[in-house]
Amino acid sequence: MSSGAGSMHSRSRGAGAEPHARIEPHGLALEDRRGVLSWFSTVDHKRIGLLYILTAGIFLLVGGAEALVIRLQLARPGAAIVSPEVYNQLFTMHGTTMVFLVGMPILVGFANYLVPLMIGASDVAFPRLNALAWWMLPAGGILLHMSILLGSAPDAGWFAYAPLSTKPYSSLPGVDCWIAGLLVLGIGSVAAAINIVATVLCRRAPGMSMQRIPLFVWMVFITAILTILAIPALNAALAMLFVDRTLGAAFFEPARGGSAVLWQHFFWIFGHPEVYILALPAFGMISEIIPVHSRKPIYGYEFVAGSTVAIGLLSFGVWAHHMFAVGLGSGVDIFFAIGSLLIAIPTGIKIFNWTATMWGGSIRFTTAMCFAVAFLVQFVLGGLSGVAFAAVPLDWQLTDTYFVVAHFHYVLFGGTLFALFAAIYHWFPKMTGRMLDERLGQWHFWLTLVGFNLTFFVQHLLGLMGMPRRVYTYDDQPGWALLNGISSAGSFLLGFATLILVWNVLRSLRRGAIAGPNPWGAFTLEWATSSPPPPENFTALPPIRSRRPAWDLEHPERADFLTQRTAEDRGTRPEAAPVAAWSFIASEIMFFVLLLAAFVVFTSGDGGAAAGRDSLDVPRTVLFTGVLVASSVTFGFALRALCRGAGARARRWLLATLLLGAIFLGNQALEWTGLLRAGVLPERDLFAACFFTVTGFHGLHVLGGLIAIGILLWLARGNDLPPRRAAVPHAVGLYWHFVDVVWIVVFAVIYLGLPRGLG
Amino acid sequence: MSGIAAIAAGPIFPVLAPESPQAEAIYDLGVRVVLVAAVIFSVMAILIGVAAVRFRERSGRDATIDFGSHRAEVWWMLGPLLVVFWLAAISAKLVLTINAVPAAHPEGDPAEGGDRCDILVTGHQWWWEVSYPRTDPKGGPAGDSGAAITTANEIHIPVGRRLRVRVESADVIHSFWVPQLARKIDAIPGRTNHIWLEANRPGEYQGFCAEFCGTQHAWMRFRVIAHGESEYRGWLAAMRRPPEPGDGAQAALGARLFRSLACIECHALEGTGSTAANGPDLTHLDRRRILAGGAVVNSPANLAAWLRNPGQFKPGSKMPDFKLDDERIAALIAFIAPGFAEADAAAPPVGAADGGNSSAGESPR
């Protein structure tokens with residue numbers, strides 16, 4: 001938690017005409033250290049961004065190599081390059097790697113590097129949290145890959161449909177490693193996302209109103225909100241699967257009352273926003289790159305930004321379009337079909353505006369622009385094949401065939417990865433101070449373009465031929481061998497093209513032309529500082545009076561603010577700590593709501609819940625609920641004392657809070673022991689499974705809160721908190737009250753069986 | 001030639017060759033969606049292409065500065081919105097048509113378990129169990145016992161009649177898909193789904209498991225065979241007759257082996273008293289066209305090759321390798337597939353999918 005409270009005061013005097021020499025105090029010592037070791041301890045957002053990009057780049061090569069083995073096995077009918085078991089592990093790892101270890105981190109990396117620069121900040125809101133979030137990435141990657149050492153990589157597909165992913169059908173530790181790895185990666189992603197939200201809301205330079213932030217920042221901001229709200233759905237599903245696999249519960253085991261479809265709901269409540277988590281930052285990149293290389297401002301800024309908000313909202317209401325073949329009924333099918341079709345509108349708005357941006361421009365076909373234009377065309381195709389899936393009866397034919405494989409590769413490879421390649425060519429000069437070689441770039445572009453379309457276009461046709469996805473081999477039906485052969489050949493072209501990029505990067509790092517601060521004549525703030533930027537990002541910030549401050553600086557006679565009015569910055573910025581606390585609470589609400597939803601689903605109906613509930617002692621729990629609520633009150637007193645500078649009193653109240661929380665936890669432990677002694681185990685029935693899962697996770701949260709209060713107590717050991725930490729107790733307080741509120745809901749739902757009407 | 005003889009005869013693009021009213025309706029919707037998509041794609045590609053050519057940088061021309069136009073935004077919001085609503089409407093209409101039909105059918109006599117269906121299809125790792133419930137003998141033609149029928153990996157239907165198919169799963173999620181005849185429907189444990197199955201013309205139609213279901217998801221295919229009405233009745237009658245037991249010492253040895261090797265623990269076979277369903281019911285095995293979920297074409301030689309080493313065709317399959325010698329294989333075949341007994345089981349296997357290039361064996365029927 002950095003940031004001086006002092007910087008808050010200077011902001012209101014923001015948007016003057018003279019360059020701002022004053023830079024926000026960093027809160028942590030600025031570093032300009034060199035050497036490999038300094039990268040391990042860095043909290044500089046630029047270095048962390050590069051670490052993200054580098055890590056994801058390495059995993060891109062791993063996931064790509066897995067794809068090449070897959071294509072080798074499918075290159076001809078009846079091949080036996082790998083066994084079916086290994087094949088299933090390969091496509092599971094390929095999907096998991098590309099989504100969680102490549103797509104998300106590489107986009108987070110660019111966001112990390114660019115967002116503070118683009119909004120004129122010296123760093124993200126929480127530099128140390130940022131470093132922690134990055135460290136979760138290699139940790140999660142290692143956990144996932146540890147499965148290989150334990151005998152088998154996960155093999156249930158990247159969406160791990162239950163019951164195939166449950167113990168009876170997948171007894172090797174692969175799926176366990178998958179769960180552990182994804183939980184770690186998910187927590188890291190949420191931490192990074194909270195940081196981005198807080199940075200955008202709290203660290204914008206004077207003059208940078210929300211209506212002036214670059215579109216990349218807008219899209220990353222919305223992505224971060226999606227991440228915060230979507231990942232907990234995955235975490236809830238993973239937690240339940242973990243309880244199934246290790247404690248013998250039956251959440252997803254239909255034979256013992258569980259539900260196979262529930263996993264799909266939970267997974268896709270996460271999974272569909274996830275698609276936009278992977279796509280929106282790419283849209284943001286395109287929204288920066290096309291204008292710069294067309295030498296024109298973005299067309300329809302408000303609409304490109306607004307459509308992103310619309311996509312974000314809609315993305316939570318379309319998950320069941322992944323489940324049309326489940327047989328959910330006409331009403332559900334039509335509802336989700338309409339939602340899915342509606343997403344075409346905001347997406348279309350973006351495409352129209354990007355095209356209109358090129359219209360009337362003076363387009364330089366740099367490699368970055370080539371990739372951006374190819375992105376446009378391919379993304380249109382991927383979007384339109386997506387429309388086919390939203391027309392439910394077509395989905396009934398095409399889902400789970402190679403047609404859907406083609407569709408999502410057009411979106412995620414032809415779309416996201418092409419945008420990423422464009423971004424690499426566009427921002428490499430800023431990040432390294434050197435240009436990438438354009439001649440090699442053109443080779444990379446054309447080979448990727450041809451390779452990509454060869455690989456994936458024919459897969460549409462394979463789907464129409466009836467080839468299901470995820471088959472390790474096929475027989476020699478007419479056309480199948482030919483098209484699979486073409487697809488495999490294309491994939492190797494892609495692999496070769498990627499090696500050209502790797503070579504280009506390595507070569508240009510040492511021998512590339514010196515870039516200078518703004519080689520493209522670009523518009524946004526990151527180009528108004530040296531390449532690479534100094535550790536504090538800016539030695540002098542230009543005035544921010546429009547959406548294109550760097551353009552205004554270089555073309556004062558045609559400056560944007562002369563012709564286009566944008567909302568002035570009112571100069572108010574919220575404190576970062578409560579923003580982070582609220583974001584975290586929003587994430588946690590999703591998690592608990594889904595766990596409790598599972599409870600309601602499983603215990604409504606046949607009266608099984610009532611029987612399970614008999615083993616609970618409601619009056620005793622009422623008493624200890626009171627204890628927990630009391631701890632919220634004592635925390636309130638502690639906070640008031642802190643604000644009045646009464647350190648000793650505050651410490652006493654904090655101690656009381658700590659004590660009350662510990663009493664509550666102690667009672668929980670006693671209750672658990674009693675139930676376990678009485679034979680109420682998670683494996684007994686779904687009531688017990690839900691009870692232990694929900695109360696267990698709530699207990700963990702209470703424990704986390706107690707640790708935070710303990711730290712607060714330690715920080716307040718003097719008479720007062722250091723002023724730059726003034727917001728911390730409020731943030732901890734928010735969290736502690738939240739934990740109490742969750743308990744009250746848990747008590748109502750599980751102990752009292754409310755709301756009865758829902759059953 | 002393929003391992004599965006009928007596939008070569010089928011259309012290259014089964015999704016584009018519908019053979020039932022339902023599949024035709026979906027195909028018609030597809031044509032409309034593709035046309036709309038093609039128009040939109042062409043317009044966008046042309047716009048992008050023209051922009052790329054016309055507005056390349058050249059000397060003497062500067063980029064315009066244009067921040068956008070609300071009027072343009074409204075137009076390209078409204079245009080697609082109309083298309084989207086039209087697509088939603090025609091999709092919804094077809095969804096209601098396809099989904100509503102099975103529900104409109106009476107749910108049958110509750111005394112018989114309520115949920116009447118003409119065919120019950122159950123997905124197993126990695127094969128399809130197909131059962132025809134017992135019918136009322138009075139309804140059938142003379143001599144038809146109306147007994148229940150159980151077979152595997154093939155579904156026989158009469159042409160032009162809609163059969164109500166119930167789709168279930170015995171283990172993990174599978175997905176039942178006959179591209180030429182019907183929508184895809186998941187087979188989900190703990191849940192029952194229903195679809196109509198109908199074919200316009202006699203023929204063989206390929207079916208696939210579309211949802212990844214484990215090691216041998218690739219070889220979980222099946223076939224739907226549509227017959228003319230009288231041929232269908234003939235098939236039913238033949239399947240309802242108890243299989244003729246094989247004669248001689250070989251078949252007797254096979255019968256002993258069937259018990260001692262524990263075949264009986266997994267496979268049902270009429271006459272042995274076994275009703276196990278861990279593996280396909282072997283009654284009338286010699287009448288089937290494919291083995292092992294389509295990994296092997298059924299023929300005397302292929303059945304022998306399959307028994308000799310199942311892992312060669314379907315590695316990871318739950319059928320164990322019993323390391324059988326030729327004599328025991330011949331005995332087992334004489335017992336479980338007496339119709340094959342005449343043929344020389346020691347002949348080299350043909351039509352196996354493994355290797356992919358061997359020529360197709362004749363279907364036994």
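User: Which residues lie nearest the centre of the largest cavity?

Analyst: First, a cavity here is a set of points on a 1 Å grid over the protein atoms alone where a 1.4 Å probe fits but cannot get out, and lining residues have an atom within 4 Å of a point. In this predicted model, local features need pLDDT of at least 70, side-chain atom pairs count only at pLDDT 80 or more, and totals for chains, interfaces and linings use all residues. Residues are numbered from 1 along each chain as its sequence is written, and side-chain values use heavy atoms, with hydrogens and water left out. Now the case: Pro297(A), Ile298(A), Tyr301(A), Arg547(A) and Arg548(A) lie nearest the centre, out of 15 lining residues.

User: What volume does the largest cavity have?

Analyst: A volume is the space filled by probe spheres set on the points, which are joined across faces, edges and corners. For the largest cavity that's about 180 Å³.

User: Now Thr657(A): is it buried or exposed?

Analyst: Buried means under 20% relative accessible area, exposed over 50%, and partly exposed in between (1.4 Å probe, protein chains only). Thr657(A) is at 0% relative accessibility, so it counts as buried.

User: Which residues does Thr657(A) touch?

Analyst: Contact means heavy atoms within 4.5 Å. Leaving out residues up to four places away in sequence, Thr657(A) touches Ser631(A), Thr634(A), Phe635(A), Leu706(A), Ile709(A) and Trp736(A). With Phe635(A), a polar atom of the Thr657(A) side chain lies 3.4 Å from the backbone nitrogen.

User: And how far is Thr657(A) from Gly151(A)?

Analyst: Their C-alpha atoms are separated by 47 Å, with the two residues 506 apart along the chain.

Notes. Chains are lettered from A and ligands numbered from 1 in the order in which they are written. A polar contact is a pair of N or O atoms within 3.5 Å; within protein, one must be able to donate a hydrogen and the other to accept it, and residues adjacent in sequence count only if both atoms are side-chain atoms. On a 1 Å grid over the protein atoms alone, a cavity is a set of points where a 1.4 Å probe fits but cannot get out, and a pocket is an open set with protein on both sides within 12 Å along at least five of seven lines; lining residues have an atom within 4 Å of a point.
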